[in-house]
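Work through the exercises below with the structure open. Each task is followed by a solution in steps.

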Amino acid sequence: MDCRVYRQGLVLALLLVATQSQLTIKAQENWRDSLTAINKQIAESAWSTELHLRKANANLQLKQWQYAVDEYALVLQKEPHNPAALFYRAYANTHLRRFDLSRNDLTDLLAIVPTHFEARLSLAVVLQQLGRKQDALDNLNQLIQQHADSAVAYAARANLERQMKQDEVALYDWERAEKLAPRDPTYVVSHVDLLLVLERRKEARRVLDAAVKRGIPRGLLTEWYEKTNR
């Protein structure tokens with residue numbers, strides 16, 4: 001497993017917590033048909049928040065980001081505190097790289113639902129995109145206080161700490177992520193990668209051995225075992 005590929009994947013997972021996989025041509029056709037039907041229902045009905053949220057979701061599925069933003073804006077005109085509209089408008093604006101707008105919606109959502117996991121995680125990543133790493137770290141600290149059993153939260157903080165050259169605390173967070181998700185090799189790989197950067201090869205090998213004992217297939221870690229021998 002290439003660590004660069006893994007890290008890119010993790011960043012995408014944190015930034016786009018609602019990201020869907022690439023749609024097949026058939027799935028795209030189905031969503032377009034669904035969108036046509038929803039538009040007809042909207043045209044023939046009185047205002048329905050549910051219908052407009054469904055339309056916006058179809059726009060997201062089809063990666064029609066601006067249409068989705070516009071649809072969520074209509075919902076928020078009627079219901080300024082609608083959590084789904086705030087969150088997914090932020091999501092769509094993130095795809096459009098309008099990070100300031102994403103931050104505003106996520107901040108508003110967290111004022112309504114302070115423990116919203118995806119919103120706080122997304123806000124931390126958006127803040128990183130805006131170059132506000134300390135604010136992002138503060139949000140991740142709060143996220144862990146609220147969700148102390150989340151391996152994803154610790155992994156997110158560890159990634160940021162590495163960027164901020166706080167390697168020792170990043171090691172602690174990778175260890176916590178491993179304990180919370182003991183069968184997930186991705187956390188092991190990142191933990192070992194950092195140990196290798198710090199030239200702590202024996203410790204890296206102990207981490208790999210412990211992972212194998214927990215049931216992670218050794219074959220998934222072969223590349224990393226080889227690196228500890230260099």
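The model is predicted. Trp 174 has a relative accessibility of 1%, so it counts as buried.

**Exercise 1. Describe the ring pair of Trp 174 and Tyr 187.**

Solution. 
- Step 1: Start with burial. Trp 174 is buried at 1% relative accessibility, and Tyr 187 is buried with a relative accessible area of 7%.
- Step 2: Place the residues. Trp 174 belongs to helix α10 and Tyr 187 to helix α11, so the pair ties together parts that are 13 residues apart in sequence.
- Step 3: Classify the geometry. The ring centres of Trp 174 and Tyr 187 are 6.4 Å apart and the planes stand at 35°, so this pair is tilted.

**Exercise 2. Decide how far helix α11 is enclosed, and compare its reach with the expected span.**

Solution. 
- Step 1: Take the length. α11 covers residues 185-197, which is 13 residues.
- Step 2: Compare the reach. From first C-alpha to last, α11 spans 18 Å, close to the 18 Å expected at 1.5 Å a residue.
- Step 3: Check burial. Of the 13 residues of α11, 12 are buried, so the helix is largely enclosed by the rest of the structure. Among the buried residues are Pro 185, His 191, Asp 193 and Leu 196.
- Step 4: Look past the helix. Glu 199 follows α11 and has a positive phi, near 60°.

**Exercise 3. Where do Arg 97 and Lys 165 lie, and are they buried or exposed?**

Solution. 
- Step 1: Recall the background. Most residues other than glycine have a negative phi.
- Step 2: Read the two angles. Arg 97 is not a glycine, yet its phi is positive at about 60°. Lys 165, also not a glycine, has a positive phi of about 65°.
- Step 3: Locate them. Arg 97 sits in the loop between α5 (83-95) and α6 (99-112), and Lys 165 in the loop between α9 (151-163) and α10 (167-180).
- Step 4: Apply the cut-off for exposed, over 50% relative accessible area. Arg 97 has 58% relative accessibility, so it counts as exposed. Lys 165 has a relative accessible area of 71% and is therefore exposed.

**Exercise 4. Classify the pair of Tyr 88 and Tyr 91, and find the aromatic cluster they belong to.**

Solution. 
- Step 1: Count the pairs. The structure holds five aromatic pairs. One of them joins Tyr 88 and Tyr 91, with 6.2 Å between centres and 90° between planes, an edge-to-face arrangement.
- Step 2: Tyr 88 is partly exposed at 30% relative accessible area, whereas Tyr 91 counts as buried at 5% relative accessibility.
- Step 3: Widen the view. Tyr 88 and Tyr 91 form one aromatic cluster with Trp 65, Tyr 72 and Phe 87.

**Exercise 5. Describe how helices α7 and α9 pack.**

Solution. 
- Step 1: Packed helices are described by the angle between their axes and the distance between the axes.
- Step 2: Read them off. α7 (residues 117-129) and α9 have axes 11 Å apart, at an angle of about 10°.
- Step 3: Assign the class. Angles under 35 degrees count as roughly parallel, and α7 and α9 are therefore roughly parallel to each other.
- Step 4: List the contact. Phe 117, Leu 121 and Gln 128 of α7 meet Val 152, Ala 153, Ala 156, Leu 160 and Gln 163 of α9.

Technical notes
Residues numbered from 1 in each chain as written. Predicted model: local features only at pLDDT ≥ 70, side-chain atom pairs only at ≥ 80, totals over all residues. Heavy atoms only, no water. Helix = DSSP H or I, 4+ residues; strand = E, 2+ residues; numbered from the N terminus. Expected span 1.5 Å × (residues − 1). Buried < 20%, exposed > 50% of the residue type's maximum accessible area, 1.4 Å probe, protein only. Phe/Tyr/Trp six-rings, centres within 6.5 Å; stacked < 30°, edge-to-face > 60°. Axes fitted to C-alpha atoms, helices over the stretch in contact; angles between N-to-C directions. Parallel < 35°, antiparallel > 145°, perpendicular 65-115°, else oblique. Contact = heavy atoms within 4.5 Å.
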